[in-house]
Amino acid sequence: MNIEFSHVPVLYEECMGNLNIKPDGIYVDGTLGGGGHAFGIGSQLSEKGILIGIDRDTDALSAAGKRLEPLKCRKILVQSTYAEIKKVLEDNGIDGIDGALLDIGVSSFQLDNPERGFSYMQDAPLDMRMNRDDSFSAYDVVNDYSQKELTRIIKEYGEERWASRIAEFIVKRRKEEGGIATTSQLVEVIKAAIPASARRDGPHPAKRTFQAIRIEVNGELEQIAEACDSFCDVLNPGGRLCIITFHSLEDRIVKEAFARRLNPCTCPPEFPVCVCGKVSDANKVTGKPIIPSEEELETNPRSRSAKLRVIEKK
């Protein structure tokens, strides 16, 4: 199925402004997707500038490569995860970067392509792999995890109040029918598990469970924590890291990682002075996260839960 790879860049102007782009600098888009943010960065770079795009998805790299073709800067596109930034730079002989952007989560293309199994709105095989070379998929989580494990991930990663009931219904259904193979079958189970009164308000009843399974399949939260430090390590002085998150779990990890970078002291609070000797190598750029304007919410409803946090290397 051929779907055009499109991506409406969230908080676009805010990202471009906060990156403080220098024409001859080196910049990384660690979540390349359709190349929307990357094109904006690359448009401000000269022939001496370098744009590095990283994505786990070969479809994304192919589509973004075509979109970025007109840019005059040097382009390096890599199939990897953003948590591997140090290896990506090392492989390309680059010591430091002047800025980076991470737009965490699933891309519009992946959501809109029913074949990928990310969406609860379209029927497809249970998949949700950001990298289709990986063997582990949503099918494995739904059909092989114990009721206890399912409850844990749906509760923790989906922040779903009906987690234990949904897990119970999944296990029951897969025993009865020999497995749950498609997104629509899973949606059916989730709807049956959540009482009708609780389904009337709020988001789609399957939203939180699908989010939880996607996070588990792709190991997303572990990568965010690792990436925050790795990117801060490779920033040149004055370089900035912009991270967009889409739910409270992601935002909390970024907020805490930035706070540790801004105040790395590990001394007990009762110590009158610091004796650990750990000194911050970063400056705060944003206190409260930057959120979409009313105008953006109207034109791009998917930006509703987006939050942007920015940190700068000293």
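A nonpolar core, as the term is used in these legends, is a set of buried Ala, Val, Leu, Ile, Met, Phe, Trp, Tyr and Cys residues joined through side-chain atoms within 4.5 Å, where buried means under 20% relative accessible area, exposed means over 50%, and partly exposed covers the values in between (1.4 Å probe, protein chains only). The model is predicted, and local features therefore need pLDDT of at least 70 while side-chain atom pairs count only at pLDDT 80 or more, although totals for chains, interfaces and linings use all residues. Residues are numbered from 1 along each chain as its sequence is written, and side-chain values use heavy atoms, with hydrogens and water left out.

**View 1. The largest nonpolar core and a second, separate one.** The largest nonpolar core has 62 residues, of which I52, I97, I170, L186, I213, F231 and L241 touch the most other members. Helix α12 (residues 220-234) gives the most to this core, contributing seven residues; helices (H or I, at least four residues) and strands (E, at least two) are DSSP runs, numbered from the N terminus. In soluble globular proteins, nonpolar side chains tend to be buried together.

**View 2. Surroundings of I170.** With neighbours within four places in sequence left aside, I170 is in contact with V142, L150, I154, I180, L186 and V189, contact being defined as heavy atoms within 4.5 Å. I170 and L186 are both among the residues that touch the most other members of the largest nonpolar core.

**View 3. The buried face of helix α9.** In helix α9 (residues 183-193), the buried residues are T183, L186, V187, V189, I190 and A193. Seen down the axis of α9, these buried residues fall within an arc of 160 degrees, so they line one face of the helix; the arc is that of the directions from the helix axis to the C-beta atoms. The cover over the buried residues of α9 includes α6 (138-144), α8 (163-177) and α11 (207-218).

View 4. The structure holds 18 salt bridges, each defined as a side-chain nitrogen of Lys or Arg within 4 Å of a carboxyl oxygen of Asp or Glu. In one of them, the side chains of D233 and K86 meet at 2.8 Å, N to O. Because D233 lies in helix α12 and K86 in helix α4 (residues 85-91), the pair ties together parts that are 147 residues apart in sequence. D233 is partly exposed at 38% relative accessibility, and K86 is likewise partly exposed, at 40%. A network of salt bridges links K86, D229, D233, R261 and D281. S230, also placed in helix α12, is buried at 10% relative accessibility and touches A83, I85 and K86, not counting residues up to four places away in sequence.

**View 5. Two further salt bridges.** The side chains of R129 and D127 meet in a salt bridge of 2.7 Å, N to O, and both R129 and D127 are buried. In another salt bridge, the side chains of E177 and R173 meet at 3.8 Å, N to O. E177 and R173 are four residues apart in helix α8, and are therefore separated by about one helical turn. E177 is partly exposed, with a relative accessible area of 46%, whereas R173 is buried, with a value of 16%.

View 6. G178 has its place in the loop between α8 and α9, where the residue counts as exposed at 67% relative accessibility. The C-alpha atoms of G178 and N143 are separated by 9.1 Å, although the two residues are 35 apart along the chain.

**View 7. Two loop residues with positive phi.** Phi of N20 is near 50 degrees, a positive value in a residue other than glycine. N20 is found in the loop between α1 (12-18) and β1 (26-29) and is partly exposed, with a relative accessible area of 43%. E159, which is not a glycine, has a positive phi of about 50 degrees; this residue is found in the loop between α7 (147-158) and α8, and at 36% relative accessibility E159 counts as partly exposed.
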